[in-house]
Amino acid sequence: MRENLAIVSSQNMALIDSMKPTDLSAERKGIKRKNWRNRIGLLLKTNSPKSILHLMKNRPYRPTADDVHQWAQSLDKLLSHKYGKAAFCIFLKSEFCEENIEFWTACEDFSALTSQKELASKANSIYEEFIKNEAPKEINLDYQTKNAIIQSLHEPTVTSFLAAQMKAYSLMENNSYPRFIYSDLYKELCAAARVEGKHIKS
């Protein structure tokens with residue numbers, strides 16, 4: 001099991017997602033660091049001049065050292081940069097607490113919808129995945145916020161999940177984001193961007 005979990009693939013990450021917390025407790029310490037190192041290694045290829053953008057096709061630019069440093073200025077700047085957000089997701093996955101960023105992203109997609117039919121379908125999907133009791137990726141919400149969402153499901157609007165989204169954002173901003181900025185992962189991202197910049201200049 002330990003070797004399988006250490007291999008980075010979508011299949012194995014899905015396996016991790018489906019495991020119970022008690023199953024994970026014995027594995028976390030051993031795989032956490034190796035897990036994010038493997039996953040960010042695939043993105044950054046830190047042992048070569050290749051960067052995250054070589055592996056994410058159809059992108060016109062690479063994250064510079066300045067880009068990566070700006071990610072430390074605010075959570076908003078981190079999430080507004082596609083590759084900053086990708087790195088943050090990897091970090092949250094490694095800590096087994098990715099539900100807030102996934103919920104936040106789902107809400108961003110939801111708020112961009114214009115069709116009432118699409119809103120209703122997406123609202124129910126978000127509720128089933130993140131809101132209802134014992135949902136697969138249930139986020140921590142107070143009764144009033146959760147109840148307001150339930151009441152809006154029969155006729156959702158683009159703001160139906162706004163209060164919950166703000167709470168999820170606040171949790172990330174005050175907890176996960178500072179840990180990310182002070183993590184070895186972020187330090188390696190900074191170092192990789194500096195190395196990449198030197199290769200470009202040369």
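Predicted model: local features only at pLDDT ≥ 70, side-chain atom pairs only at ≥ 80, totals over all residues.

Tutor: A crossing is called left-handed if the near helix is turned anticlockwise from the far one by less than a right angle, and right-handed if clockwise. Residues are numbered from 1 along each chain as its sequence is written, and side-chain values use heavy atoms, with hydrogens and water left out.

The part to look at is helix α8, residues 99-111, together with helix α11, residues 162-181 (helices are DSSP runs of H or I, at least four residues, numbered from the N terminus). Their axes (lines fitted to C-alpha atoms over the stretch in contact, with angles from 0 to 180 degrees between N-to-C directions) come within 9 Å and cross at roughly 140°, and this crossing is left-handed. On the α8 side N100, I101, F103, W104, C107 and E108 are in contact (heavy atoms within 4.5 Å) with A164, Q165, A168, Y169, L171 and M172 of α11. By class, this contact has nine nonpolar residues, two polar and one charged (Ala, Val, Leu, Ile, Met, Phe, Trp, Tyr, Cys and Pro are nonpolar, Asp, Glu, Lys and Arg charged, and the others, Gly among them, polar).

Helix α7, residues 82-94, joins the picture: its axis and that of α8 come within 9 Å and cross at roughly 140°. That makes α7 oblique to α8 (under 35 degrees is roughly parallel, over 145 roughly antiparallel, 65 to 115 roughly perpendicular, and the rest oblique). Here K85, F88, C89, L92 and K93 of α7 make the contact with I101, E102, W104 and T105 of α8, with five nonpolar, one polar and three charged residues.

Helix α7 also meets α11, where the axes come within 10 Å and cross at roughly 95°, and the two helices are therefore roughly perpendicular to each other. In this contact A87, F88, F91 and L92 of α7 face M172, S176, Y177, R179 and F180 of α11, and by class seven of the residues are nonpolar, one is polar and one is charged.

As for confidence, the mean pLDDT of the protein chain is 77, with 66% of its residues at 70 or more. Over residues 1-31 the pLDDT stays under 50, and the model has 34 contacts for them beyond four places in sequence.

Technical notes
pLDDT = per-residue confidence, 0-100.
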